[in-house]
Amino acid sequence: MPMSGRKSALALNELTATGIVAATVAGTTTCEAVARACLERIAAREPQVRAWTHLDPDRVIAQARALDRAPPRGPLHGVPFGVKDIIDTCDFPTEYGSPIYRGHRPAADAACVALSRKAGGVLMGKTVTTEFANITPGPTRNPLDLSRTPGGSSSGSGAAVADFMVPLAIGTQTTGSTTRPASFCGVFGYRPTYGDLRTAGVMEASGSFDTLGILARSIEDVALYRDVLLGVAPAAFPEEMPAPRIGFYRPYFEDRLEPVTQERMEWAARRLARAGAKVEEVTLPADFEGLEDAHRWISGFEMARNLAWELEHHRDAISEKFREGRLKDGLACSYERYCDMRRWVERCRHLLAPVMARHDVLLAPAAAGEAPVGMHPISHPYVYMIWTTMHVPSITLPAFEGSNGMPIGAQLIAARSDDRRLFAAARWVYRVLT
């Protein structure tokens, strides 16, 4: 039932970010050797997985050699990372998943890229995104089963980490664009407390909800990268915590989950309770059922206005599904409805606060089920939309396998600004479940 672990010795490209830093600083390997191992993996697998939009191996090697010639530069010394292609980079094109911006070259790095480089990270390239981080998919396949979707918007970032091309990648999330690929590809996916990680130089989809996302292969890597992107000195990982207080979320959409997902969640709740956690079933007020509409109208209203220039000058270059769907709805949304929906969201945030105060974390599904066959992910925004809209931090754990042997993620949610408690609880939960 849990995801099976890897037991053999790890190649350099399979090391976690913390493992790479330890090895390069100790001198047991070099930044160049790590970079070459990742490039070799990309060369072998990219024709099938198609996770990248832009790669420049010579530039990668030059970055790594420069790091090898100098003292350790920072907490990501020699760590290769990928960046979703809605995030500006000064030395790679940034095309936003749209032909409108083919060959576009920003003048500067986004804040998250600049902070990653400052910390000693090696930018490997740009990862595939859906069109304007929305619906129309790119070419990326799920590396665990090439016939299946990797999960949508941050697809390239999730696939690149899952396939051992890089240990870290930056995605974004407006609805579930980090949570879903993490679940489908079997990696850790972290969405921070809204507003903590700066989005300067990141294409805005819906400013009311947008955050960066981190995709990684360990909780420790997520915590390290969060500190780097906060621009603070990395703090020691939280000490071992006592068995946490866990709210087992009983969602209103339970009947829309695949049966195997609900079975795995029930099993997890029982196992965590047996391990000593205080597990209590949680339901949320009926107001939360209205968040599907609220998120739809708020995000649509904002997206349609953010893309006003593209709609005016390159309308036919926008995919019909996006143009005649979410953008059309957004343009039709009145300002009065937009304001009403924002008030609805604020009411739900107020209602959630006392629920979160009684628990260290909530336990919820990260997706409705396994990655479906085909490149168009089944839409189930209700699973992750709630937590994005509430501005609370969440982390997806690669905890289960479904009936087809594909990953199903468990999602943990904490109160706003309790991200480090979230990491400590996630480590405890992950050890119990796996």
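I take helices (H or I, at least four residues) and strands (E, at least two) as DSSP runs, numbered from the N terminus. The model I am looking at is predicted.

**Entry 1, overall form.** I counted elements and found 14 helices and 11 strands in the protein. I then looked up the radius of gyration, which is 20 Å; the globule rule gives 22 Å for 434 residues, so the protein is as compact as a globular protein of that length. The C-alpha trace spans about 60 × 60 × 40 Å along its principal axes. Of the 434 residues, 60% are buried. I also checked contacts with a separation of 6 or more, and 79% of them join residues 24 or more positions apart. The accessible surface comes to about 16300 Å², with 51% of it belonging to carbon and sulfur atoms.

I went through residues 382-389, and eight of the eight residues of α13 are buried. Among them are Tyr382, Tyr384 and Trp387. Val383 has a relative accessible area of 2% and is buried. What does Val383 touch beyond its neighbours within four places in sequence? I find Phe253, Leu257, Pro365, Ala366, Ala367, Ala368 and Gln411 in contact with Val383. Ala366 is 17 residues from Val383 in sequence, and their C-alpha atoms are 6.5 Å apart. After α13 comes His391, and I noted its positive phi, near 70°.

I found Ser206 in the loop between β5 (188-191) and β6 (211-216). Is Ser206 buried or exposed? Ser206 is buried, because its relative accessible area is 0%. Its side chain makes a polar contact of 2.6 Å with the side chain of Glu302. Setting aside residues up to four places away in sequence, I list Thr174, Ile298, Ser299, Glu302 and Asn306 as touching Ser206.

I searched for disulfides and the structure holds zero. Cys38 is in none, and the nearest cysteine sulfur to it, that of Cys31, is 11 Å away. Cys38 counts as buried, at 0% relative accessibility.

My search of the whole structure gave 27 salt bridges. I looked up Arg65 and Glu32, which form one with their closest N and O atoms 3.3 Å apart. Arg65 lies in helix α3 (residues 57-68) and Glu32 in helix α2 (residues 31-49), so this pair ties together parts that are 33 residues apart in sequence. Arg65 is partly exposed at 39% relative accessible area, whereas Glu32 is buried at 19%.

Next I took Asp109 and Arg117, whose closest N and O atoms are 2.9 Å apart in a salt bridge. Asp109 is partly exposed at 22%, and Arg117 is buried at 16%. Both belong to a network of salt bridges that links Asp56, Arg59, Asp91, Asp109 and Arg117.

Last, I checked Arg343 and Asp340, which meet in a salt bridge of 2.5 Å, N to O. They both lie in helix α12 (residues 335-357), three residues or about one turn of the helix apart. Asp340 is partly exposed, with a relative accessible area of 40%.

Note on methods
Residues numbered from 1 in each chain as written. Predicted model: local features only at pLDDT ≥ 70, side-chain atom pairs only at ≥ 80, totals over all residues. Heavy atoms only, no water. Buried < 20%, exposed > 50% of the residue type's maximum accessible area, 1.4 Å probe, protein only. Polar contact = N/O pair within 3.5 Å; in protein donor to acceptor, adjacent residues only side chain to side chain. Contact = heavy atoms within 4.5 Å. Disulfide = S-S within 2.5 Å. Rg over C-alpha atoms; globule rule 2.2 N^0.38 Å. Areas by Shrake-Rupley, 256 points an atom, 1.4 Å probe, with all protein chains shown as cover. Salt bridge = Lys/Arg side-chain N within 4 Å of Asp/Glu carboxyl O.
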